[in-house]
Amino acid sequence: MTKTITVKGVGSVSARPDYITLALSLSAKDKDYEKAMADAARRIELLEAAAESAGFEKGALKTTNFNVHTEYENIRDVKGNFQRAFAGYVCFYQFKLAFDFDAKRLSETLPAIFASGANPELDIAFTVKDPVKVNEALLSSATANALEKAELLCRASGTKLGELLSIDYTWGKQNLVSPTRYEMEDCVQPLMASSKCRMPELEPDDITVSDTVTFVWTIA
């Protein structure tokens with residue numbers, strides 16, 4: 001019977017954020033479908049113009065999601081009973097505006113967006129431009145960790161590490177986003193839009209991720 005050793009390698013890497021992603025979403029609602037679509041289109045044009053005024057090329061604002069749906073609300077009739085009534089068509093868009101990490105450029109882009117009149121919801125993420133490179137480093141770290149453990153166990157038990165029989169790994173998407181959160185209340189946005197309040201330049205925290213890989217070797 002072949003003797004084996006099974007070891008789980010744990011890899012961990014840290015990466016400095018070098019990319020900023022702005023996720024912007026907006027919605028328009030009206031009981032008239034054409035009016036809802038027209039309002040959304042108008043606000044999108046304002047958002048695109050704001051991006052260009054901040055130095056981005058035309059087309060830099062990318063659509064990541066779009067949907068149109070109907071909304072209903074419950075209203076009370078004269079008898080006190082609730083009835084389901086049509087509230088309107090909702091046109092919903094999500095966009096992405098991404099660029100190399102530059103705190104100064106971020107501080108110039110946000111006021112342009114807030115001053116545009118598009119009134120989008122905004123989320124800022126500090127991430128990495130090349131996630132493949134980070135994932136490769138992560139798997140290399142897990143492999144080295146497993147091999148180190150296996151060799152240590154073999155030395156301690158007076159055996160020798162033999163042939164690698166199998167590697168068990170579940171591929172998944174790593175969350176390569178810095179834990180640093182950049183948030184502001186709605187009341188602050190008009191101040192930033194008028195340049196009365198400038199955001200400080202910041203250095204986001206490193207991105208740290210870990211993963212595991214299971215290896216099986218023969219031992220002799």
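Colleague: Which residues make the nonpolar surface patch of about 250 Å²?

Modeller: Happy to start there, with the reminder that this is a predicted model. A residue needs over 30% relative accessible area to be part of a patch, and F66 has 41%. The patch of about 250 Å² is made by Y33, F66 and V68.

Colleague: Where does F66 lie, and is F66 buried, partly exposed or exposed?

Modeller: F66 belongs to strand β3, which covers residues 62-76. F66 has a relative accessibility of 41%, so the class is partly exposed.

Colleague: Now to T218: is T218 buried or exposed?

Modeller: T218 sits in strand β7, residues 207-219. Leaving aside residues up to four places away in sequence, T218 touches T2, K3, T4, K160, L161, G162, E163 and L165. The cut-off for buried is under 20%. T218 has a relative accessible area of 15%, so T218 is buried.

Colleague: And which backbone nitrogen does the side chain of T218 reach?

Modeller: Among the residues that T218 touches are G162, E163 and L165. The side chain of T218 comes to 2.8 Å from one backbone nitrogen, that of E163.

Notes
Residues are numbered from 1 along each chain as its sequence is written. This is a predicted model: local features need pLDDT of at least 70, side-chain atom pairs count only at pLDDT 80 or more; totals for chains, interfaces and linings use all residues. Side-chain values use heavy atoms; hydrogens and water are left out. Patches are made of residues with over 30% relative accessible area and no salt bridge: like charges are joined within 9 Å, nonpolar side chains (Val, Leu, Ile, Met, Phe, Trp, Tyr) within 5 Å. Accessible areas come from the Shrake-Rupley method with a 1.4 Å probe; for residues, only the protein chains shown count as cover. A salt bridge is a side-chain nitrogen of Lys or Arg within 4 Å of a carboxyl oxygen of Asp or Glu. Helices (H or I, at least four residues) and strands (E, at least two) are DSSP runs, numbered from the N terminus. Buried means under 20% relative accessible area, exposed over 50%, partly exposed in between (1.4 Å probe, protein chains only). A polar contact is a pair of N or O atoms within 3.5 Å; within protein, one must be able to donate a hydrogen and the other to accept it, and residues adjacent in sequence count only if both atoms are side-chain atoms. Contact means heavy atoms within 4.5 Å.
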